[in-house]
Amino acid sequence: MLLSRRPSGLTFYASTAIVSLFAIAFLYHFWDFADRPTHAQSAPPTEIPRNLWYKLGPNGLNNQTREWTDSCIKNNPGYEFEFMTDLSADTYVKDSFAHRPEIVETYLGLTIPILKADLLRYLLLFDKGGIWSDLDISCEGPPIDEWVPQKYKSKASLVVGWEFDVGWGGNFVRQFTSWTIMAKPGLSHMSMVIDDIVEGLRNKTVEHKVSLGELTLAMTGDVVDITGPRRLTVSVLKSLELTLNKTIPLADISNLMKPKLVGDLLIMPGYSFALSSNKYGEGKAPPGTPLVTHHYAGTWKNDHGGEGG
């Protein structure tokens with residue numbers, strides 16, 4: 001019996017597969033490397049993202065807050081901006097932090113608006129990075145791209161400013177402003193703030209034997225300590241000391257006349273974000289340029305910690 005010279009089906013498909021593999025290898029080898037995804041393209045940004053984040057209350061913007069926010073938005077056309085609402089913020093937290101149910105449960109369980117707004121700013125900065133700004137902040141002087149000195153731009157991952165720093169003597173507690181914060185995404189410092197807030201609120205529910213939704217401002221104590229500027233300050237400095245494996249003396253980072261870089265934290269002097277809260281001497285100009293003005297609208301300072309009506 002004569003054997004057919006035609007290749008069997010198995011031999012044919014094996015040959016085809018070998019040819020295909022050679023073709024793929026050839027294309028991969030000569031494919032332009034510029035078109036391939038690289039580790040650098042997915043790496044964290046070397047500078048703080050150009051995002052401006054705001055949170056609206058139930059009353060939205062009025063003429064005054066629109067003027068203040070416009071001073072930042074219109075003078076920085078290269079920046080993306082977003083006004084989060086109660087609904088969009090709830091949806092964002094549910095979707096973006098689904099892998100951290102304790103965060104979602106805490107955020108959605110809170111009924112005190114200022115506590116949610118505080119937690120939201122830290123969640124956005126951890127997840128997305130950029131600049132958080134309260135609605136009663138106006139931008140002054142130089143554009144945002146010039147706020148961080150050039151020599152620090154690639155080194156500073158988190159930028160905060162002292163609220164009370166110069167001219168107060170020693171009998172006060174320093175705190176970073178929380179109305180303006182600049183951050184790269186994914187920072188351990190911001191993660192520490194979030195974790196400490198979640199733990200602190202959980203401890204308050206245990207202490208008062210209530211649910212998150214039943215917490216009141218009287219139960220939580222001073223907002224600045226539980227979610228606000230002092231919480232931010234304590235948690236960030238704690239995280240920084242863990243990162244650097246050393247204690248940071250307050251004397252090394254206070255009474256600043258120019259920005260101070262410690263690790264990846266850039267601390268701005270009081271006049272940068274809080275000129276009206278610092279005293280440089282009667283009739284004396286600050287030693288640097290103010291960057292924002294906080295107008296202290298204080299819409300959250302009422303019995304339920306949020307805008308009325």
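Guide: On a 1 Å grid over the protein atoms alone, a pocket is an open set of points with protein on both sides within 12 Å along at least five of seven lines, and a cavity is a set where a 1.4 Å probe fits but cannot get out; lining residues have an atom within 4 Å of a point. The model is predicted, so local features need pLDDT of at least 70 and side-chain atom pairs pLDDT 80 or more, while totals for chains, interfaces and linings use all residues. Numbering starts from 1 along each chain as its sequence is written, and side-chain values use heavy atoms, without hydrogens and water.

The part to look at is the second largest pocket, with a volume of about 150 Å³ (the space filled by probe spheres on points joined across faces, edges and corners). Its lining consists of Pro-142, Glu-146, Trp-147, Pro-149, Pro-259, Met-268, Tyr-271, Ser-272, Gly-288, Thr-289 and Leu-291. Seven of these residues are nonpolar, three are polar and one is charged.

Trp-147 is among the residues in contact with Thr-180 (heavy atoms within 4.5 Å), apart from neighbours within four places in sequence.

Thr-180 belongs to strand E6, residues 180–183 (a strand is a DSSP run of at least two residues). Opposite Thr-180 stands Ser-133. Strands E3 and E6 are antiparallel and joined by four bridges (pairing needs at least two). E3, residues 130–133, is also joined to E1, residues 51–55, by two bridges, and these two strands run parallel.

The largest cavity holds about 130 Å³ of space. Glu-47, Ile-48, Arg-50, Tyr-79, Ile-144, Asp-145, Val-148, Lys-153, Ala-156, Val-159 and Met-182 line this cavity. By class, its lining has seven nonpolar residues, four charged residues and no polar ones.

Conventions
Ala, Val, Leu, Ile, Met, Phe, Trp, Tyr, Cys and Pro count as nonpolar, Asp, Glu, Lys and Arg as charged, and the others, Gly among them, as polar.
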